[in-house]
Amino acid sequence: MTTVAITGQGVISSLGLTIPDFCAGLDKATVAVEATPWSAETGGHLYYSPVTGFDPTHWLDERTERGSDRFAQYAVAAAAEAVADCGIGQLDPLRTAVVMGTSMAGAATLAGAQEAYDAGGYGSVPKKLQMMAWPNMAAGHIALRWNLHGPLLTISTACASSLDAIGIAARMIASGQADVAIAGGTDNGGVKISSLGAARYGMSPTDIDNPHEICRPFDRNRKGVMGGDGAGVVILERAEHARARGARIDGIVRGYGSLSDGYHPSSPDPSARWEIAAMQAAQTDAGLHPGEIGAVVAHGTGTPVGDTAEILAINTVFGESVCATSIKGHVGHTAGAAGVMGVITGLHTLATRALPPTASTTDLEPDIQFRVPLGSPGSVDLDAFQVNAFGFAGQNASLVISRD
């Protein structure tokens, strides 16, 4: 069977625009949070975790920058970091795949175009609206940047998008369709109408004064989601191909599970049976049992219902044998980028043998059986970790990654 290696990483996040800055923020339990510009419209406080200091012209020429939505710009920037990190030099244009995930895609561009039309009519509609807003443009701009002609796919499975993108890309390599894949996910979290919708639905609390109490995954007093922003990309490579060129191997994609909850548009089945099934499917695919997996990077959104189901799932699959964390208290819910940011967190844990803490969480839900590091990283002895990503419409995905 073909072994699929991870040989490069890149991230654009609210903790920083590089992998070292991102990981340092995780370890320090940094909470990147500020009030949204439209917070007052809610009659309370609406917070989010935006990328700051991002200059797209550092990665894109002026024409591409003007003709692309921020979600695509984030993707190209993260991909550039990952390609440089893997040290591959020239990508084979026919043997390199691009598989990217996104949830909201160009929603910011669409919302802005509607506002422009309402104010100024037909002549105010952006000429490049479709090229900026369509979901496949992040992957498309990556292929354009490196002159790639291999498989080019966009995955939109809500908040499981980037984990599904990595799983699908790994299987493409394993089946011989490509030697290398640029895979991950991206979303522009600064979309006013989407943020207000989340508040109206009750996902994002508006009645909390302290921004550090907005998103508290697995906390007894959790109330909901903090919106997030950014992109993450990993380079996947046929392991023989990577070893032949002397590449550093950060991890091996061992197993992938993806299935439907089939229960509710936004809430998980409270029995957690299908989250459990997705996790077990990834383990079976990996050929590993729970005792061989030392850490879980959980989906952990901080919602009362969502966390309850995932706690039950992790308890059932692992019991007390595992250490788990969620990074959404640090960077918010990055939607299409959430899964790949979890993968990058796990790779950092493999390298350091320390799992980042769950930021803002102080009083753990008493039903939790597994260990959760709080305040500082938790020491873990591991050769493999698991990442969960669960999305609206019952999208359940899980990935198992091990050392080389």
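## Salt bridges in a predicted model

Aspartate 381 is exposed, with a relative accessible area of 72%. The model is predicted, and it holds 16 salt bridges. Side chains of opposite charge can pair when their charged atoms come close.

Aspartate 381 pairs with arginine 353 in a salt bridge, with 3.2 Å from N to O. This pair links distant parts of the chain, 28 residues apart. Aspartate 381 lies in the loop between strand S13 (378–379) and strand S14 (384–391), and arginine 353 lies in the loop between helix H13 (338–352) and strand S12 (354–355). Arginine 353 is partly exposed, its relative accessible area being 36%.

A salt bridge also joins aspartate 85 to arginine 248, where the closest N and O atoms are 2.8 Å apart. These two residues are 163 residues apart and link distant parts of the chain. Aspartate 85 belongs to helix H3 (residues 70–86), while arginine 248 sits in the loop between helix H9 (239–244) and strand S9 (251–260).

Arginine 245 and glutamate 237 form another salt bridge, with an N to O distance of 2.8 Å. Glutamate 237 has a relative accessible area of 0%, so this residue counts as buried, the cut-off being under 20%.

The table gives the accessibility of further residues in these pairs.

| Residue | Relative accessible area | Class |
|---|---|---|
| Aspartate 85 | 31% | partly exposed |
| Arginine 248 | 41% | partly exposed |
| Arginine 245 | 27% | partly exposed |
| Arginine 353 | 36% | partly exposed |

Shared partners also occur: Arg95, Asp179, Arg238 and Glu240 are joined by salt bridges into one network.

Definitions and conventions: Residues are numbered from 1 along each chain as its sequence is written. This is a predicted model: local features need pLDDT of at least 70, side-chain atom pairs count only at pLDDT 80 or more; totals for chains, interfaces and linings use all residues. Side-chain values use heavy atoms; hydrogens and water are left out. A salt bridge is a side-chain nitrogen of Lys or Arg within 4 Å of a carboxyl oxygen of Asp or Glu. Helices (H or I, at least four residues) and strands (E, at least two) are DSSP runs, numbered from the N terminus. Buried means under 20% relative accessible area, exposed over 50%, partly exposed in between (1.4 Å probe, protein chains only).
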